[in-house]
Amino acid sequence: MRYKALKEIEETPIFIFVDFICLDKAPVPVDRFGIKAPQRRRTSSSEPLQSIVVVSKVALLLAVLVCSQYTAQGVYDVSKAEWGGRAPRWTVALGNYLGYAIIHHTAGSYCETRAACRAVLRSVQNYHMDSLGWPDIGYNFLIGGDGSVYEGRGWNRMGAHAAEWNLYSIGISFLGNYNWDTLEPNMIAAAKKLLNDAVNRGQISSGYVLYGHRQVSATECAGTHIWNEIRGWSHWSG
Ligand SMILES: [Zn+2]
């Protein structure tokens with residue numbers, strides 16, 4: 001999200017960025033020259049214009065810092081739009097404070113770059129929608145070998161990943177087949193951050209239970225290497 005926020009700054013005029021991101025949190029008076037604190041409007045005309053510019057930049061920096069803290073919670077690295085995902089045919093609402101998070105693998109291609117992962121994501125979604133007839137990609141979120149979290153169905157939308165558990169859990173899937181692919185440290189860190197975000201935003205409860213898919217369905221998912229890894233995580237339960 002930090003990447004996204006900075007990208008927006010680069011591409012968006014200052015007054016639009018602040019107004020859009022912080023409208024409901026910290027309204028900042030703006031005009032077409034940028035941000036001006038109200039008291040600075042009473043400054044005599046002899047004061048150098050440069051000082052106003054400095055104040056504007058400081059205000060922008062503070063706004064960015066506040067917004068970053070606010071938006072860093074509960075976000076993902078790559079939105080569905082950014083990986084070229086298709087819109088869902090329909091959605092089913094998913095409640096908050098769920099009791100479970102379920103870990104999967106896609107049992108398909110592994111990817112190491114943003115470009116490669118985007119292509120794999122589109123392929124997985126096409127398979128789920130066109131071959132399996134699902135309304136969307138099955139998982140709430142996916143994690144690539146590049147260490148990025150990719151939005152699937154996202155927050156508060158029921159996934160299709162663990163049968164009768166769908167309504168009571170979020171589904172997180174690693175791209176690849178972890179009977180032979182291996183988890184890198186940045187992938188593990190991404191998964192743990194995502195789970196923390198899910199707790200912080202109230203999507204799952206603070207006392208949630210973590211399962212591998214094989215614990216709730218007759219499947220080998222999420223592969224041997226993930227299975228060996230997640231059994232050491234704090235919320236995993238046997
Ligand atoms: Zn699975």
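Predicted model: local features only at pLDDT ≥ 70, side-chain atom pairs only at ≥ 80, totals over all residues.

Colleague: In which sense do β4 and β5 pair, and over how many bridges?

Modeller: They pair in the antiparallel sense, over three bridges.

Colleague: How confident is the predictor, and where is pLDDT below 50?

Modeller: pLDDT is the predictor's confidence in each residue, from 0 to 100. The chain's mean is 80, and 68% of its residues reach 70 or more. Over residues 1-46, however, pLDDT is below 50. It also stays under 50 over residues 62-74.

Colleague: How many helices and strands are there, and what is the order of the strands in the open sheet?

Modeller: The chain has seven helices and seven strands. Five strands form an open sheet in the order β5-β4-β6-β3-β7, with mixed pairing. What makes β5 and β7 edge strands is that each has a single partner strand, so one side of each is left without a neighbour in the sheet.

Colleague: Which pairs in the sheet are parallel?

Modeller: β3 and β6 run parallel, joined by six bridges, and Ile102 stands opposite Gly171 in β6. β4 and β6 also pair in the parallel sense, over three bridges; there Ile143 stands opposite Phe174 in β6.

Colleague: What makes you call β6 mostly covered?

Modeller: Six of its six residues are buried. A residue is buried if 20 or more other C-beta atoms lie within 10 Å of its own, exposed if 12 or fewer, and partly exposed in between, with C-beta atoms placed from the backbone. Both faces of β6 are covered: Ser169, Gly171 and Ser173 are buried on one side, and Ile170, Ile172 and Phe174 on the other.

Colleague: Why is Asn96 called exposed?

Modeller: Asn96 has 12 other C-beta atoms within 10 Å, and the limit for exposed is 12 or fewer, so Asn96 counts as exposed. Asn96 lies in the loop between α4 (80-83) and β3 (98-105). Leaving aside neighbours within four places in sequence, Asn96 is in contact (C-beta atoms, placed from the backbone, within 7 Å) with Gly202 and Gln203.

Colleague: What makes a set of residues a nonpolar core, and which residues touch the most other members of the largest one?

Modeller: A nonpolar core is a set of buried Ala, Val, Leu, Ile, Met, Phe, Trp, Tyr and Cys residues joined through C-beta atoms within 7 Å. The largest has 39 residues, of which Ala101, Phe141, Ile143, Tyr150, Ile172 and Leu194 touch the most other members. α6 gives the most to this core, with six residues. Beyond four places in sequence, Leu194 is in contact with Phe141, Val149 and Ile172.

Definitions and conventions: Residues numbered from 1 in each chain as written. Contact = placed C-beta atoms within 7 Å. Helix = DSSP H or I, 4+ residues; strand = E, 2+ residues; numbered from the N terminus. Pairing = 2+ DSSP bridges.
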